[in-house]
Amino acid sequence: MSLFNHVEGMHYEGMCIRPPSEANSILLQATTGCSHNKCAFCGSYKDKRFRIKDNDIILSDILYASRYMRRQDRLFIMDGDALIIPYRRLTWIFERIREHLPWVKRIGVYANTKGIKMKSEEELMALKGLGLGIIYMGVETGDDQTLEAIRKGANAQRILDMGLKVKSAGITLSVTVLLGIAGRERSLIHARATGALLTAMDPDYVGALTLMIMPGTPLAGDLSAGRFELPDNVGLLKELREMIASTTLTRGLFFSNHASNYLPVKVRYPEGKEQALTLIDMALQGKVDLRPEWMRAL
Ligand code: SF4
């Protein structure tokens with residue numbers, strides 16, 4: 001039994017981040033921060049040291065959810081890359097979720113390539129059997145030069161291999177890519193390389209976000225020193241167009257409806273591709289309104 005009283009509430013620490021699609025999920029914080037925490041554009045966990053929380057605290061939160069969150073049938077494990085938790089400990093967490101929250105139908109986590117690499121395919125399949133239904137992975141770009149510049153910690157081949165590993169374990173794969181991340185000069189190279197990577201990976205969902213420079217990050221320093229230039233609105237639209245044109249998915253959904261984007265687009269591949277390209281062309285001709293700057297947010 002937990003040392004902590006389960007009526008005291010969830011033990012959230014610091015800013016808690018989850019994918020937009022997990023807005024209605026039970027949010028279980030099993031780790032704090034991100035084990036990588038080096039990406040040049042990311043300010044999400046700069047205030048947190050990575051650690052796995054004590055089992056007592058995790059169990060206390062599961063017990064609290066079992067009393068007060070009985071209508072939520074999805075659960076998301078925070079923070080930045082919960083899949084990094086060693087397999088046996090992660091299995092223990094999943095088993096406690098099944099034991100105390102039997103109505104939860106899908107468990108989701110963020111994962112980076114390291115966390116996926118640490119798990120064998122059999123372990124991923126076993127976690128799927130315990131409820132792991134979706135993995136969210138930040139791809140950002142398929143361009144190796146940009147991946148190195150942003151200190152992502154993996155090249156395109158590694159990202160592709162890890163995405164395919166998740167898929168072959170039968171787990172839904174949702175990835176994010178970042179418009180603007182390669183700067184002005186490599187914008188279209190990034191778009192094409194990302195399209196090629198997405199095509200080879202064939203994820204279930206692709207979310208395209210537009211880079212917003214976070215104060216205090218290395219990229220903000222590069223921007224103010226003139227080493228990095230963000231494409232303008234038209235450049236970002238052209239980048240999005242090139243990325244969608246270079247991507248072929250068997251049945252995946254590509255969306256750029258995040259609040260950071262200037263033009264919300266939702267493409268169901270393969271049939272929606274041409275329509276999306278036409279919409280972007282109309283926006284480039286000024287026939288479709290873009291989201292004003294003041295309405296953009298992370
Ligand atoms: S892996 Fe994700 S959470 Fe961690 S630093 Fe990079 S972008 Fe941020």
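Colleague: Why is Tyr64 called buried?

Modeller: Buried means under 20% relative accessible area, exposed over 50%, and partly exposed in between (1.4 Å probe, protein chains only). Tyr64 comes out at 18%, so it counts as buried. Tyr68 has 43%, so that one is partly exposed. Keep in mind that this is a predicted model, where local features need pLDDT of at least 70, side-chain atom pairs count only at pLDDT 80 or more, and totals for chains, interfaces and linings use all residues. Residues are numbered from 1 along each chain as its sequence is written, and side-chain values use heavy atoms, leaving out hydrogens and water.

Colleague: What makes Tyr64 and Tyr68 about one helical turn apart?

Modeller: They sit 4 residues apart in helix H1 (residues 55-68), so about one turn separates them. Helices (H or I, at least four residues) and strands (E, at least two) are DSSP runs, numbered from the N terminus.

Colleague: Why is the pair of Phe76 and Tyr110 called edge-to-face?

Modeller: Rings of Phe, Tyr and Trp (its six-membered ring) pair if their centres lie within 6.5 Å; planes under 30 degrees apart are stacked, over 60 edge-to-face, the rest tilted. Here the centres are 5.1 Å apart and the planes at 85°, so edge-to-face it is. Phe76 is in strand S4 (residues 74-78) and Tyr110 in strand S5 (residues 106-111), so the pair ties together parts 34 residues apart in sequence.

Colleague: How do you know whether Phe76 is buried or exposed?

Modeller: Its relative accessibility is 0%, so Phe76 counts as buried.
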